[in-house]
Amino acid sequence: MYSSVNTIWVLLGAALVFFMQAGFAMCEAGFTRAKNTGNILMKNLMDFSIGTPIFWLLGFGLMFGGSNALIGGFDPFILGDYSGILPDGVPFAAFFIFQTVFCATAATIVSGAMAERTKFVSYCIYSLMISAVVYPVSGHWIWGGGWLSQLGFHDFAGSTAVHMVGGVASLIGAKILGPRIGKYDREGKPRAILGHNLPIAALGVFILWFCWFGFNGCSTVSMTGDETLVAAGSIFVTTNMAAAVACVTTMIFTWFRFKKPDVSMTFNAALGGLVAITAGCDMVSTAGAAIIGICAGIVLPLAVEFFDKVLKIDDPVGAISVHGVCGAMGTLLTGLLAVDGGLFYGGGTSFFLTQCLGVVSVIAWVAVTMTIIFTIIKHTVGLRASATEELEGLDIHEHGLPTAYADFSQATSMTAVAKDNAYPEPVPVTGQKATPDQAVPVQVVSAPSGISASDVKLSKVTIICNQAKFEELKGAMNDIGVTGMTVTQVLGCGIQKGKMEYYRGVPMTMNLLPKVQVDIVVSKVPVAQVIQAAKSALYTGSIGDGKIFVYDVEDVVKVRTGETGYDALQGEE
């Protein structure tokens, strides 16, 4: 006999957990740069699209196909009898889709940690493997009747089974992949690479918070009986409490630490609190949930700094700290704060030690398997995009997408990148690259070469260039002593109407592309030297390299001092 209320509850949970993919997509896209937005969205879509048939083909059987200690069973296309594991009154199809969306959640966590420098085909291979083998095996240990569940390990909705698995996979992938270009200087000091759209990231966090009520609450897989109804209500309360308290804690912590409350870190804290409470949301009290939230709110920013500054692992969205660290911490805190059996409630050490064993064993399993998988990918199809692809953006190179924000001007990253300290080691550029000597020489009539510092002639050099080349141009100008410039975001295309691109298979004509306009007024530095440095930084031999314009300037007045001419261009203003 099937139960309507139980089946609806499970299907509602499946729908909410599926919608978490939208939350992850928005969050990751907002915390990364605009030039990679399309790539981020595609990876989140493919996590679910690849994971669904693969989990059906192999993963579900490995996870639930038997009660063996280490592995469920091999049951392609789930043709076996699973009636013994189904929740009361819930059809198999409802249970299957519920488990499928959880698998996809574990897979999509890695997208943010490896963002902005991973080859798309390599990411698709990773997504297939974690859905087929890595997640199902450890999931069997915890939820499928494996050895951890037999020992009494408790992870109600997946702090370890889902989130820590994704967090550890993120750690291994980001470590093998290496940091983004320009993230660390030669001394190893990290640079901030700002995300391009904080409102979108915030929307993603709110979507995830909303969907977490289904992630945790609907994991009761039943709404029958007074005891279950009370449990579901309690789970909603503890889930919400941990997230809210984590936000407040991180806000206060960063306020004291950085003199201002950190916005992006506080949003991360909401997710950290949600991840941490997921293991024990059914076993802890409201006060216990608040304690878990406080712990997550303090540990999260410290973990982000640790991975960024100490281990030098570049995680653009903080996925390792949110899902890996907070997932492990929440599972361990369940062993301490569980009202029934927790160490702090007189339950002894047995339950807590079981929680510790489960966390360590799952970390070991994921670390070993993902190291093997990422290493094989690295040495076969390749894991990392080329330096050119990374600098110019994965959207255009991996997907033929000039911009994810057509008709909008995109902000240029202002990360300081000068040639003398940009990279900790040389960055190889694959493929042939044209040299500036092959370009048509720039004819400069109004500003001949040989201008000395004693001359008072002023010239304005306007450079229109590709956004992705701005950092190289800025470094080249710094090298020749040009320290002042005005940068404007513009849209345009040349007489050739821009490089032909396609959208949904249809050629795009007269498409205005985002460009950067750099205005430089010089007197001390020869104009010809500025032009040559700009050509060296910008030239590729392809359509869209940009143009350089030179103008005479009648005079310059520095407002603060009243200085004019040559003197007005000197100093810090």
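What share of the contacts in the protein with a separation of 6 or more comes from residues 24 or more positions apart? In this predicted model, the share is 78%. The protein has 573 residues, and 51% of them count as buried. Its secondary structure comes to 17 helices and 6 strands.

The largest nonpolar core holds 101 residues. Within this core, Tyr126, Tyr135 and Met370 have the most contacts. Helix α3, which spans residues 92-113, gives the core its largest share, 13 residues. Tyrosine 135 shows what such contacts look like in detail. With residues up to four places away in sequence left out, tyrosine 135 touches Phe55, Met63, Phe102, Cys103, Ala106, Ile130, Trp143, Ala161 and Val162. A second core is separate and has 22 residues. Met477, Val516, Ala533 and Ile548 are among them.

Helix α10 covers residues 286-310 and has 25 residues. From its first C-alpha to its last, α10 reaches 35 Å. This is close to the 36 Å expected at 1.5 Å a residue. Lysine 312 follows α10. The phi of lysine 312 is positive, near 60°.

Helix packing is illustrated by one pair. Two packed helices are described by the angle between their axes and the distance between the axes. Helix α8 takes in residues 226-258, and helix α9 takes in residues 263-277. Their axes come within 7 Å and cross at roughly 145°. The crossing of α8 past α9 is right-handed. On the α8 side, the contact is made by Thr238, Thr239, Ala242, Ala243, Ala246, Cys247, Thr250, Met251 and Thr254. On the α9 side, Met265, Thr266, Ala269, Ala270, Gly273, Leu274 and Ile277 take part.

A final example concerns a single residue. Isoleucine 396 lies in helix α14, which runs over residues 394-399. Is isoleucine 396 buried, exposed or partly exposed? Its relative accessibility is 26%, so isoleucine 396 counts as partly exposed. The cut-offs explain the label: buried means under 20%, and exposed means over 50%. Glycine 38 is 358 residues away from isoleucine 396 in sequence. In space, the two are 8.9 Å apart, C-alpha to C-alpha.

Technical notes
Residues are numbered from 1 along each chain as its sequence is written. This is a predicted model: local features need pLDDT of at least 70, side-chain atom pairs count only at pLDDT 80 or more; totals for chains, interfaces and linings use all residues. Side-chain values use heavy atoms; hydrogens and water are left out. A nonpolar core is a set of buried Ala, Val, Leu, Ile, Met, Phe, Trp, Tyr and Cys residues joined through side-chain atoms within 4.5 Å. Buried means under 20% relative accessible area, exposed over 50%, partly exposed in between (1.4 Å probe, protein chains only). Helices (H or I, at least four residues) and strands (E, at least two) are DSSP runs, numbered from the N terminus. Contact means heavy atoms within 4.5 Å. The expected span of a helix is 1.5 Å times one less than its number of residues. Axes are lines fitted to C-alpha atoms, for helices over the stretch in contact, and angles run from 0 to 180 degrees between N-to-C directions. A crossing is left-handed if the near helix is turned anticlockwise from the far one by less than a right angle, and right-handed if clockwise.
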